[in-house]
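I opened my notebook for a new structure today. Here is what I looked up, entry by entry.

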Amino acid sequence: MNKRLYFAFLYFAEGAPIGFIWWALPAILAERGFELAEVSKLTALAALPWSLKFFAAPVVDLLSRRFGLKPPLLFAQIIMAVTALSFFPSIEAGNLNYLTLVLMLHSSFAAIQDVCIDALAVKTVPDEEMGRVNGAMQAGMLVGRSLFGGASLLLIHKLGLEFTCAALAGSVIISSTILFTRSEPKTQHALNVAEYFVGLKQLLLKKVTWRLIATAFIASLSFEGLAGIASAALVKVGMPASIRGPLYAIGVPLAMLVGALYGGKLSDIYSKAKLLSLTTKVCAVCAVVAAAALDLKSSHLVLSSFMVLFYFSIGLLTASLYAYLMSHSDKMFPAFAFSLYMAMTNFSESSATLFVGKFAASWGYALSAAIPALLSLFIVMLIISKSEEPKLP
């Protein structure tokens with residue numbers, strides 16, 4: 001199977017459970033009469049394993065040295081499929097404690113799946129193809145999120161919740177079958193835990209590692225602040241649900257998908273470092289302009305257009321950032337290295353969203369979004385200027 005299509009299918013299985021748990025499930029539970037506080041607590045707990053997946057990375061690295069990445073990935077997907085089938089009876093029973101347990105188990109193995117797939121990409125994709133493969137991966141993830149996060153709400157009313165949960169499990173199983181259409185390079189080593197952690201310590205003492213950590217955190221600041229509060233901000237400025245619904249169901253995912261595919265293609269044509277610097281600039285400018293449109297309470301058409309442009313720039317930046325980080329990740333520690341960088345993007349999201357959410361009311365959307373965006377712009381340029389292409393030392 002074509003490499004891009006292969007990883008797009010694998011990333012579809014990453015996006016599908018995230019879309020269902022973060023987007024669809026809260027609406028399903030609210031429709032069944034559960035209180036918002038109960039629903040938010042449940043979804044927060046279910047999302048926790050993705051934030052902590054960094055801690056599973058050393059286990060994945062160690063197992064992959066002996067068995068390869070496919071066995072732990074396949075095991076994680078089997079558990080995901082079984083627990084997805086358990087969603088329906090858990091929700092029907094109305095027992096949130098049992099549902100929480102099932103969701104936590106599913107999310108934990110979904111997070112392990114993510115670590116395995118990212119490590120497989122770091123390990124097997126050549127640097128000259130990393131951009132386009134990352135674009136395809138982001139496209140697959142967005143399709144999965146859209147289908148099981150937005151379209152699934154329509155599917156439930158047409159075919160029922162049981163069918164939707166079975167379709168989620170089926171999508172994971174399909175990903176499992178796709179897994180074996182390409183071979184994994186055989187680079188087995190002895191399962192030496194002490195040696196692994198010595199190497200890990202050396203990796204963490206390298207300046208290049210911390211430079212990449214800083215890049216992952218800082219580059220994401222260009223958009224995370226506004227992205228984290230955008231949907232709520234549109235409500236505050238009076239955009240009706242009849243416009244917000246299609247915008248986030250179709251316009252936003254499609255804009256990000258096109259941006260990711262285009263950004264991935266450019267990453268393989270031009271210098272990954274220079275492209276990352278450029279896409280950070282573009283994303284920062286788009287964030288400030290979209291935030292300014294919110295402050296001016298522009299027409300719904302103008303606001304929607306700026307939001308689509310903003311999310312297109314997020315797709316561009318995400319693909320170029322991930323391609324840059326993957327191409328510079330240490331291939332002896334593929335799971336740990338890339339999971340570390342992804343943890344920094346998650347931390348960036350939390351920090352920037354908290355900052356903009358706190359100051360938007362008093363400073364305005366444009367100024368509060370501009371501060372992390374401009375900070376990202378200048379620091380990323382400084383970091384990248386000290387890097388070497390095509391490989392950091």
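**Notebook: helix by helix**

I started with Tyr311, which I found in helix α12, residues 300-328. Keep in mind that this is a predicted model.

Is Tyr311 buried or exposed? I read a relative accessibility of 6%, so Tyr311 counts as buried, the cut-off being under 20%. Leaving aside residues up to four places away in sequence, I listed what Tyr311 touches: Ala227, Ala230, Tyr248, Val252, Ala255 and Met256. I also checked Leu254, 57 residues from Tyr311 along the chain, and their C-alpha atoms are separated by 8.9 Å.

Next I turned to helix α7, residues 161-178, where Ile174 sits. Ile174 is partly exposed, at a relative accessible area of 46%. Together with Met1, Leu5 and Phe9, Ile174 forms a nonpolar surface patch of about 330 Å² accessible area. Buried residues of α7 include Leu161, Leu168, Val172 and Ile178. I tested the length of α7 too: at 1.5 Å a residue its 18 residues should span 26 Å, and the end C-alpha atoms are 26 Å apart, which agrees.

Then I stepped back to the whole protein. I noted 14 helices and zero strands. The radius of gyration is 21 Å, close to the 21 Å of the globule rule for 393 residues, so the protein is as compact as a globular protein of that length. Its C-alpha atoms fill a box of roughly 60 × 55 × 35 Å along the principal axes.

How much of the protein is buried? I get 53% of the 393 residues. Of contacts between residues at least 6 apart in sequence, 86% join residues at least 24 apart. My last entry is the accessible surface, about 17,000 Å², with 69% belonging to carbon and sulfur atoms.

Terms used. Residues numbered from 1 in each chain as written. Predicted model: local features only at pLDDT ≥ 70, side-chain atom pairs only at ≥ 80, totals over all residues. Heavy atoms only, no water. Patch = residues over 30% accessible without salt bridge, like charges linked within 9 Å, V, L, I, M, F, W, Y side chains within 5 Å. Areas by Shrake-Rupley, 256 points an atom, 1.4 Å probe, with all protein chains shown as cover. Salt bridge = Lys/Arg side-chain N within 4 Å of Asp/Glu carboxyl O. Helix = DSSP H or I, 4+ residues; strand = E, 2+ residues; numbered from the N terminus. Buried < 20%, exposed > 50% of the residue type's maximum accessible area, 1.4 Å probe, protein only. Contact = heavy atoms within 4.5 Å. Expected span 1.5 Å × (residues − 1). Rg over C-alpha atoms; globule rule 2.2 N^0.38 Å.
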